[in-house]
Amino acid sequence: MKDKDVDRPQAMTIRQGIQDAMTYSLPDKKFSKKSIDLVEIDLELKKLGWNFNNFRILNLTDIHLGQWINPEYLSELVDYVNTLNIDLITLTGDYFSYVLKDYEESLEESLKKLEAPYGKFGVLGNHDHWMDASKIRDIFKNSGIVDLSNDVVTLRKDEDRLNICGVDSCTVCADNLDKVIAKMPEDIPSILLAHEPDFAKESSQTNKFDLQISGHSHGGQFIIPKFETTPFRGPNSTKYPVGLYKVGEMLQYTSKGLGTNSFRIRINCKPEITIITLKTTKKQQITIE
């Protein structure tokens, strides 16, 4: 689907007009790692080779720059991310909300600063299409981020391989999973980046992916204590709104994201940076001489 064909919410123009003033009126405009939930989880992937054991993937999602999150905050957050000793960075969409003008350069500068030995990979979210997908893709290119919208990159460490795949936003019908699968080398562990978590219902049925990483829901911006779930679930995040799930044989992880949409309210639901450490299920062979 071409971006000019994407239906944009009618309220967007009004929101664009008031968002800057609201964002810069906040008393706490500075980034603080105390206000972030750094979630670290270990996930086992079948067929993962030993060379990728303990491979650390850091995911950022739903930045929504210009809506509550300002350029200075994002720049400081990126500086913090660069201290976390990770191997690869993934970004799963919604870099803007309702304001793109005057924020493009700031996003590019911050994304360009992100550092990871095995690269930076991203897909787009619904808001990115509502704004201007072509501009987001230009920012990706200028920032050294590989655009994985309906695409695949295969990483290699000696004899072991790992597919990093991506699908474009299903909210705007830009997803093309068949195209992704056609490009995938067979019989190696595969990770899918998909903005919307409920896409896991479709991706899991292919039996091609070991893990899907998503955002979109913001964790509902309210998580029920002890139950670790949310009653507030929007389109394409009703089934898997927050945290880790098993969908068929595939793992699905949904991050609470960094920004918020419409209301700057988070109850028991801090903004999240996620680090996923991959673990192999293979037994290591030890040669005894």
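Visitor: Is Glu76 buried, exposed or partly exposed?

Guide: Burial is read from relative accessible area: buried is under 20%, exposed over 50%, partly exposed in between (1.4 Å probe, protein chains only). Glu76 has 25%, so Glu76 is partly exposed. This is a predicted model: local features need pLDDT of at least 70, side-chain atom pairs count only at pLDDT 80 or more, and totals for chains, interfaces and linings use all residues. Residues are numbered from 1 along each chain as its sequence is written, and side-chain values use heavy atoms, leaving out hydrogens and water.

Visitor: Which residue forms a salt bridge with Glu76?

Guide: Side chains of opposite charge can pair when their charged atoms come close. A salt bridge here is a side-chain nitrogen of Lys or Arg within 4 Å of a carboxyl oxygen of Asp or Glu. For Glu76 the partner is Lys30, with the closest N and O atoms 3.4 Å apart. Glu76 sits in helix α2 (residues 71–81), Lys30 in the loop between α1 (12–24) and β1 (37–45), 46 residues apart. Helices (H or I, at least four residues) and strands (E, at least two) are DSSP runs, numbered from the N terminus. Lys30 is exposed, at 59%.

Visitor: Where do Arg56 and Glu40 lie?

Guide: Arg56 is in strand β2 (residues 55–60), Glu40 in strand β1, so their pair ties together parts 16 residues apart in sequence. Their closest N and O atoms are 3.4 Å apart. Arg56 is buried at 18%; Glu40 is partly exposed at 46%.

Visitor: How many salt bridges are there by this rule?

Guide: Twelve. Asp37, Lys256 and Glu272 are linked in a network of them.
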